[in-house]
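Let's take a friendly walk through the cross-links and charged pairs of this protein. Please have the sequence and the model open as you read.

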Amino acid sequence: MGIRKYALGLLTVAALAVGSAALASPAWAGTGEAATGCGLHASKPSTSGSTLRGTGSRQGCSDTVTYFWVRVYKAVDFWPDAEKAVKGQQYVQNGNLTASGGCDGRGEHYTYTSTATGASGSEVESGRVVLC
């Protein structure tokens, strides 16, 4: 009877410890933006005439980042990718930005969306598309 009482006591203490930890940790702790629905998005770039455009967004967020950027890059083999367009905005909670620039020859392009502070998972890249 003593061992059963001792084991029951340990189980009770363990259950209380786990329950207390769950209550002490908010649901969003350690999971970043995915739990809150907050996220960055980058659409594939497109062209209109000789203008290259890429749109990025930050949606479903309750916090504010100090800076939000959208850039369009052209992939360059064996070298850093070339930035073709950039647009930024300070103190953004949610919104869309479109970066525009000129085409300078055919190649793979992609949109890159990033934030300076305030968000985990603070960058995202679109799929690549051959343009210009």
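## A left-handed disulfide

With -60° about the S-S bond, cysteine 103 and cysteine 132 form a left-handed link. This pair connects distant parts of the chain, 29 residues apart: cysteine 103 sits in the loop between β6 (95–102) and β7 (107–115), and cysteine 132 in the segment after β9 (129–131). Strands here are DSSP runs of E with at least two residues, helices are runs of H or I with at least four, and both are numbered from the N terminus.

The S to S distance of this disulfide is 2.2 Å; a disulfide is a pair of cysteine sulfur atoms within 2.5 Å. Cysteine 103 is partly exposed at 25% relative accessible area, and cysteine 132 is partly exposed at 33%. For these labels, buried means under 20% relative accessible area, exposed means over 50%, and partly exposed lies in between (1.4 Å probe, protein chains only).

## How the model is read

This is a predicted model, where local features need pLDDT of at least 70 and side-chain atom pairs count only at pLDDT 80 or more, while totals for chains, interfaces and linings use all residues. Residues are numbered from 1 along each chain as its sequence is written, and side-chain values use heavy atoms, leaving out hydrogens and water.

Cysteine 38 is joined to cysteine 61, with 1.9 Å from S to S. The torsion about their S-S bond is about 85°, so this disulfide is right-handed. Cysteine 38 lies in the loop between α2 (33–36) and β1 (39–42), and cysteine 61 in the loop between β3 (51–59) and β4 (65–74), 23 residues apart.

## Charged pairs

How many salt bridges are there? The count comes to seven, taking a salt bridge as a side-chain nitrogen of Lys or Arg within 4 Å of a carboxyl oxygen of Asp or Glu. In one of them, lysine 74 pairs with aspartate 104, their closest N and O atoms being 3.4 Å apart. Lysine 74 is in strand β4 and aspartate 104 in the loop between β6 and β7, so the pair ties together parts 30 residues apart in sequence. Lysine 74 is buried at 14% relative accessibility, whereas aspartate 104 is partly exposed at 43%.

Arginine 128 forms a salt bridge with glutamate 108 (4.0 Å, N to O) and another with glutamate 125 (3.5 Å between the closest N and O atoms). Salt bridges with shared partners join Asp81, Glu108, Glu125 and Arg128 into one network.
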